[in-house]
Amino acid sequence: MDNAQRIEVIAHAARDIGKPTSSAESLRVLDALAASLIGHRMFTALLYHPDTQETERIYTNQMDKYPLRGRKPARRDRWSKSVIDCGEIFFISSAQDVKGNFADAVTLLGLGIGSGMCLPIRLGDRTLGTINVLAAAGVVSERHSSIGRIIAALAVPAFEAEQRALGVSDNKA
């Protein structure tokens, strides 16, 4: 796919997200966009709850393994420092990275995950959540940073809608 085709694919996704729709539908559009531009085995969106320091799954393309609305404590490690605290993309590039950074490594490795990027979804200095685009070894790398940032930016309205619907507070009153 050349650059003009990539831009067209991104423009179609932006158009589709701009239509009146649900946050789940917007995330499905972004899942399809990531599949088209990167290729992946797993696309999952996690809403961040700053008041409880938890993340909550609001979308996944692997529902049989990862049910919606599952919550887990946000880890305090290299991943959280990068993604939650600093708003930086966090890359994994090997099975060893999967084992070292994900509590559910056995499940992820069983899905053939060996590379990926965790995208911070931010509005200003607030982290709304994260999208994880995970793939086979060697598929996702830092060369996908720009695509990742576009996906993250297009996801902001869906994450804001989820926060409003759930009454999530940023605790900055």
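Q: How many residues does H2 have, and how far does H2 reach from its first C-alpha to its last?
A: This is a predicted model, to begin with. H2 has 15 residues and reaches 21 Å, close to the 21 Å expected at 1.5 Å a residue.

Q: What comes just after H2?
A: Gly-39, which takes a positive phi of about 90°.

Q: Which residues of H2 are buried?
A: Ser-23, Ser-26, Leu-27, Val-29, Leu-30, Asp-31, Leu-33, Ala-34 and Leu-37.

Q: Why would residues three or four places apart point the same way in an α-helix?
A: Because an α-helix has 3.6 residues a turn.

Q: What covers the buried residues of H2?
A: The cover includes H1, S1, S2, S6 and H6.

Q: Back to Ser-26. Is Ser-26 buried or exposed?
A: Ser-26 counts as buried because its relative accessible area is 7%, under the 20% cut-off.

Q: And what does Ser-26 touch?
A: Ile-17, Thr-21 and Ala-158, if you skip residues up to four places away in sequence.

Q: Switching to the core. How many residues are in the largest nonpolar core, and which have the most contacts inside it?
A: That core has 33 residues. Leu-27, Leu-30, Ile-131, Ile-151 and Phe-159 have the most contacts inside it.

Q: Which elements each supply at least two residues of this core?
A: Helices H1 (3-18), H2 and H6 (145-166) do, along with strands S1, S2 (54-60), S5 (115-123) and S6. H6 gives the largest share, eight residues.

Q: What is Ile-131 in contact with?
A: Leaving aside neighbours within four places in sequence, its contacts include Leu-27, Phe-43, Met-117, Ile-151 and Phe-159. Thr-44 is also one of them.

Q: Which residues are in the other core?
A: That one lies apart and has 16 residues, among them Trp-79, Val-83, Ile-84 and Phe-102.

Q: What lines the largest cavity?
A: The lining has 13 residues. Thr-44, Leu-46, Lys-72, Asp-104 and Asn-132 lie nearest the centre.

Q: How do the lining residues divide into nonpolar, polar and charged?
A: Seven are nonpolar, two polar and four charged.

Q: Which strands each supply at least two residues of that lining?
A: S1 (42-49) and S6 (126-135). S1 gives the most, with three residues.

Terms used: Residues are numbered from 1 along each chain as its sequence is written. This is a predicted model: local features need pLDDT of at least 70, side-chain atom pairs count only at pLDDT 80 or more; totals for chains, interfaces and linings use all residues. Side-chain values use heavy atoms; hydrogens and water are left out. On a 1 Å grid over the protein atoms alone, a cavity is a set of points where a 1.4 Å probe fits but cannot get out, and a pocket is an open set with protein on both sides within 12 Å along at least five of seven lines; lining residues have an atom within 4 Å of a point. Helices (H or I, at least four residues) and strands (E, at least two) are DSSP runs, numbered from the N terminus. Ala, Val, Leu, Ile, Met, Phe, Trp, Tyr, Cys and Pro count as nonpolar, Asp, Glu, Lys and Arg as charged, and the others, Gly among them, as polar. Buried means under 20% relative accessible area, exposed over 50%, partly exposed in between (1.4 Å probe, protein chains only). Contact means heavy atoms within 4.5 Å. A nonpolar core is a set of buried Ala, Val, Leu, Ile, Met, Phe, Trp, Tyr and Cys residues joined through side-chain atoms within 4.5 Å. The expected span of a helix is 1.5 Å times one less than its number of residues.
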